[in-house]
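Subject: Handover of a structure

Hello,

Here is the structure I promised to pass on. Please open it first, then read the notes below.

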Amino acid sequence: MAELVFYSGTMDSGKSTLALQLDHNHRARGRVGRIYSSHDRAGAATLSSRLGLSTPAIEVAEDLDFWADVVGELTGGARIDYLVCDEAQFYTSAQVDQLAKVADELAIDVFCFGILTDFRTQLFSGSRRLVEIADRVLTLQVEALCWCGARATHNARTEDGEMVTEGEVIVVGDVEDPDRPTPQVGYEVLCRRHHRKRMTAARAKAGALSPDVLPFD
Ligand SMILES: Nc1ncnc2c1ncn2[C@@H]1O[C@H](COP(=O)(O)OP(=O)(O)O)[C@@H](O)[C@H]1O
Ligand SMILES: Cc1cn([C@H]2C[C@H](O)[C@@H](COP(=O)(O)O)O2)c(=O)[nH]c1=O
């Protein structure tokens, strides 16, 4: 039985690396895959990892129909054993339904990778649908860490180091180096406690300059 699997984790938790590794392992055993991504940081029609590896991919625009795309390829004589779908949070709910149909009706394994929630802590459309209908939802084992050392569970958007909670849902970007002098729009992974308090690494550093007074709130 083919499966629809959702690998999820915060930004910078190794999802794209795992997607590339999974594709490599399947290809090494003679299986044929089809790779999709959406709004990758390295540009359109690419699946890239921060470890430096990347591969061409089919760009998933809002009007891409996975079912039609895969059936078209098969009808043209291509072989497809599995799909790798990165940045799946950006897919529409209907596209995730199409992926489920591909798994169920065409016996093609579908491996999706993506973040669960946006910078406002709300589920992305694609992730919501995947949580609802995937056969398995797996959390990545390599945990990204908050600046305090706790497991990072939230993706914060920052402007000049300050966390923001309003704006467009999709803004392609990267996790910032907190030591960069004047970062513009970027992302930082935080634990829930520090996301609630809007305490980014930059703010924590600024706060450390004033003496600690009990209670530490
Ligand atoms: N220089 C490095 N050395 C070792 N590991 C690194 C290095 N740079 C990045 N990584 C690893 O790569 C992970 C990010 O991989 P990536 O696949 O791009 O993440 P995601 O797709 O989840 O955003 C980091 O969490 C870290 O484990
Ligand atoms: C939280 C959040 C993220 N994004 C963007 C930023 C990146 O381009 C991708 C996540 O990629 P990664 O491989 O998991 O690091 O998503 C966004 O557009 N909106 C958000 O709220």
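A polar contact here is a pair of N or O atoms within 3.5 Å; within protein, one must be able to donate a hydrogen and the other to accept it, and residues adjacent in sequence count only if both atoms are side-chain atoms. Helices are DSSP runs (H or I, at least four residues), numbered from the N terminus.

One such contact sits at the start of helix α2, residues 66–75. There, a side-chain oxygen of D65 comes within 2.9 Å of the backbone nitrogen of W67. Just after α2, G77 has a positive phi of about 105°.

Some ground rules. The model is predicted, so local features need pLDDT of at least 70 and side-chain atom pairs count only at pLDDT 80 or more, while totals for chains, interfaces and linings use all residues. Residues are numbered from 1 along each chain as its sequence is written, chains are lettered from A and ligands numbered from 1 in the order in which they are written, and side-chain values use heavy atoms, without hydrogens and water.

Ligand 1

The shell around ligand 1 (residues with a heavy atom within 4 Å) includes T10, M11, D12 and S13. K15, R50 and L51 are also among its members. By class, the shell has two nonpolar, six polar and three charged residues. Gly counts as polar here, and Asp, Glu, Lys and Arg as charged.

Oxygen atoms of ligand 1 make several polar contacts. A polar backbone atom of D12 is 2.4 Å from one. A polar side-chain atom of R50 lies at 2.5 Å. For an N or O atom in the K15 side chain, the distance is 2.8 Å. Taken alone, ligand 1 exposes 580 Å², and the protein buries 63% of that (Shrake-Rupley method, 1.4 Å probe).

Ligand 2

Around ligand 2 there are 20 residues, the closest being K15, R50, F119, V169 and V171. Its shell holds 10 nonpolar, three polar and seven charged residues.

A backbone N or O atom of F119 is 2.8 Å from an oxygen atom of ligand 2. For a polar backbone atom of G173, the distance to a ligand 2 oxygen is 3.1 Å. R157 places a polar side-chain atom 3.3 Å from a nitrogen atom of ligand 2. Alone, ligand 2 exposes 490 Å², of which the protein buries 99%.

Best wishes

Note on methods:
Helices (H or I, at least four residues) and strands (E, at least two) are DSSP runs, numbered from the N terminus.
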